[in-house]
Each structure stands twice: as structure tokens, then as C-alpha cells.
Amino acid sequence: MKKYFLKTFGCQMNYSDSEKLESVLESIALEQVERIEESDIVIFNTCSIKQHAEDRVFGYVRNAKKLGKIVGLTGCMVRKTSTQHFEKDEKDSLLKKFERIDFVFRIEDMKSLPELLQEYDENIQRPKISFDELDYLNISPKLKENFRAFVPIMTGCDKFCTYCIVPFARGKERSRPFADIVNECEMHVKNGVKEITLVGQNVNAYFLDDSTRKTLQRQTDFAILLDEIAQIKNLKRLQFTSPHPRHMGQDVIDVMVKNENIARTLHLPVQSGSTKMLQKMGREHNISRFTDFTKNLRKAIPEITITTDIIVGFCDETEEDFQETMKLFNSEKFIMAYISKYSVRKGTIAGDKMKDTISLEEKKRRFELLTEKLKEVLRKENKKEIGKIEEVLVDEVKNGIASGKSHRGRTIRFPIGEKNKRFIGEIISVKIISSESIWSFTGEMM
Ligand code: SF4
């Protein structure tokens, strides 16, 4: 039996795709191994969000070839370099570009992988299941953990934020049929899954096809889907990532209020506290729209926590613009922010047409100041958590300490008094007793 090693880079969408890829590879009796050295075939599911992410992949490819492996590439790097049709000539040019790589395939073409691999080993079996007619989004994933699942509801992006490569890498927005998503979620819950995360580049740009919309006789789309899935019996926690502020409205808040199994934490990427910068970034939302939404959300669900993404040092960002972001951190009290220093990405609108005006030193300064602001806010906010009782979904047990995330997205560790793993995948009531570090708490079982 041939053995494969699969390495995934990037966002949860890529991880979700990889779980489907594993199903396809298992259908042709390939065995997954944890160490590259033990494999015959190596596949990299790539991310192209930053140049640095691509450079890392090339490093891994070089290493795999040194070890004498057959190496394949899929994911965002593949799409970015090709055009609409993925014909032989384009494959050849990709292979030339990624010298040392043996084969490439678009992620949505994963169902043709068995055929592709037969070129390298004629003993590779035909798949037991036929994937031919299937949209790849409907391929059943091989779940990494039996208590949680990532379910794609859409893919692609039509927003073309000026700094972002995703629309070029992932293509246009495409939503999955409503019934397919609901059926997949029901199947996971029936199999014991407790937490479902709906994933997509812009989850709340999800749209229903016309006939489904007519049948449901309702007007908004993502909120309908969220409501339907939240009502699946025995689904303990439902979350989604990433939504775009532009599509966030009262309908989503109402569904969250109605369904308590929807996590009381929301990742809502704002990118900057300055409306001027948001315009320059092509974000299609502004700060007052963002803060109006969070105000309404907090009014409806006071215990909600919010996390975000920020870029510092984007083209022409002035000190005043940056201070607007600092101010936003004071008022929004984010419990986590993924802060990145702007770096030029060729092939994006900003990368090709705007000047990278802020020096690296200045970007670093802003990054550090904002990180410190985040910590300062958290130190104060964390004190308010002591004594609260939270429901923790345990995902790790090490040396008698269990850890996992609460319904409000906080990491909590607590002693379980024994070193067994039977707690993994269980939801446990835990009282927070101290703030272990800025990013996590210690607690005790109730
Ligand atoms: S919304 Fe903007 S940042 Fe998000 S994937 Fe689309 S282009 Fe990129």
C-alpha cells in the first residue's frame, strides 16, 4: 500500500478541503502517515495570502524532493498562477514554474486525483466511490476529530480588497446548495459531532439559489441557513468564519439571540480603525457601520466576545489613521486581534498599483504599540471573567490538565485529576479561578 503525507497551510477553508482530500486518497487505498520520511507521495495544500507563505512551501518542496518523494501541489498557489481553464499547457507551465514538483491540481479537481496518481503508480486502485458527478464541496470529509467539523458553505470572494490575493486565488464567490449543507451538518451531528464551524472566504455573502429562496419564502440568506443549522437537535455549538462586516445585519443578530447554541464569540475582521484606510483597502464598509453593528450585537447579547484582523502600515497610513485603530481597540475591547504588518503582494491591486510608503521600522512600531494596547485592554477585561462559569469543549488533555474553548471563545485549562483522555470531546462546566496568561484562564470543574 502506498503511503502519503499531506501538509496543509493557511485558513480553516484549506483545512476543511484537506479533510475531503483525505477521503479521496483513502478511497484509493492510500495510507496517511504522520512523518514525511515514511511517505511515498507528498501533497502540499497551499496558501498564497503572503509571499512568505509561498516561500515556506518552496522550502518544504525542496526538502521533500531531497528525500526522493513524489511531490504534488494544490490549494491557492495553484489557482493563482493559472487562468480560467486548467488545460495541459497550463499544467506544463505550472510545473515549469514550480520546478521539482511532479504534479499539480486545483483543489476543486481533487476527484481526478486517483487518475492523476495512476500515472505514477499503476497499482493505485480505482476509487471505491465514484466522485465523478460530485461537486468537490460535497465530498464527505475524513474528520480529524470526531467531536467537531468544519463545513464549507461557500467558496471564493468577489470583494477584491486591494491588498488581498484571495479573489485571484480562489475565484468568484460560489455558494453550496442549502439542502446539501444542512444534510451534511445533520450527518455530522448524528455521528456525534458537537461543534460545527461553517467556513468560507466570506461566509455571510452566502446566497440561496432562487428556487430554495422561493420555497422558504424568506429574503435574507446567511441568516436563514444559520437558523436552520442551529436547530439541528443535539448540535451543541455552532460558529462561522469569516464574515464580512458589510453583510452583517440585524437578521444575523436575531438568529444568534434565538439560538443559544450559536457561539457567543464572533470573529469580525475590521482591518483598520480609519474609514479613510478602509476605503483605500477597498473594504466596502466603514467604521461607523462596524461600530453600529457591534453596538447592536452587544445590546442583544451582552456576553458576546469579538475578535478581529488588523493590517498596520498599509499604503499611506498616517499616524492619525493609526491612532484611530488604537482608539477602536479601546472602545471595542477585542479579546484577540490577528495583527499583521502590511507587506506587498504582487498580483493584488495594492501590490501592483499603490506605493508601499510606510517603512518597515514604522510598521514594526505600530505593530508593537497595537499589540501592547490589545494586552492592556485584555488585562482589564480578564479580571471581569474571574468567578464566571463557562461551558468548555475539551480538545486536549495533557498531564492531567484539560483544555479547550468556552462558548465565548476563551481558552480555559483545568485539572481533571487523572491522565486519561476520556474528557476529549466533552463539554464540561468550569469555574474560572484565575487569568493564567493574557490569552487563557485556569479554572476548576463544577
Ligand atoms: S473580503 Fe477582502 S480580505 Fe476577505 S477574502 Fe475577500 S478580498 Fe480578501
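Predicted model: local features only at pLDDT ≥ 70, side-chain atom pairs only at ≥ 80, totals over all residues.
**Close-up 1. Packing of helix H9 against helix H10.** Two packed helices are described by the angle between their axes and the distance between the axes. For helix H9 (residues 222-230) and helix H10 (residues 250-258), the axes come within 9 Å and cross at roughly 10°. Because angles under 35 degrees count as roughly parallel, H9 is described as roughly parallel to H10. On the H9 side, the contact is made by Phe222, Ala223, Leu226, Asp227 and Ala230. Helix H10 contributes Asp251, Val252 and Val255. Of the residues in this contact, six are nonpolar and two are charged, and no polar residue takes part.

Close-up 2. Helix H7 (residues 178-190) comprises 13 residues. From its first C-alpha to its last, H7 reaches 18 Å, which is close to the 18 Å expected at 1.5 Å a residue. Its buried residues are Phe178, Ile181, Glu184, Cys185 and His188. Seen down the axis of H7, these buried residues fall within an arc of 140°, so they line one face of the helix. An α-helix has 3.6 residues a turn, so residues three or four places apart point the same way. Ala179, Asn183 and Lys190 are exposed on the other side of H7. The helix is followed by Gly192, which has a positive phi, near 105°.

Close-up 3. Ala350 is found in helix H14, which covers residues 349-353. This alanine has 20 C-beta neighbours inside 10 Å and therefore counts as buried. When neighbours within four places in sequence are left aside, Ala350 is in contact with Thr162, Tyr163 and Cys315. Cys315 lies 35 residues from Ala350 along the chain, and the C-alpha atoms of the two residues are separated by 8.0 Å.

**Close-up 4. Helix H15 and the elements that pack against its buried residues.** Helix H15 (residues 360-383) has 24 residues. The distance from its first C-alpha to its last is 35 Å, close to the 34 Å expected at 1.5 Å a residue. The buried residues of H15 are Lys363, Arg366, Leu370, Leu374 and Asn382.

Definitions and conventions. Residues numbered from 1 in each chain as written. Axes fitted to C-alpha atoms, helices over the stretch in contact; angles between N-to-C directions. Helix = DSSP H or I, 4+ residues; strand = E, 2+ residues; numbered from the N terminus. Parallel < 35°, antiparallel > 145°, perpendicular 65-115°, else oblique. Contact = placed C-beta atoms within 7 Å. Nonpolar A, V, L, I, M, F, W, Y, C, P; charged D, E, K, R; others polar. Expected span 1.5 Å × (residues − 1). Buried ≥ 20, exposed ≤ 12 C-beta atoms within 10 Å, placed from the backbone. Arc of directions from axis to C-beta.
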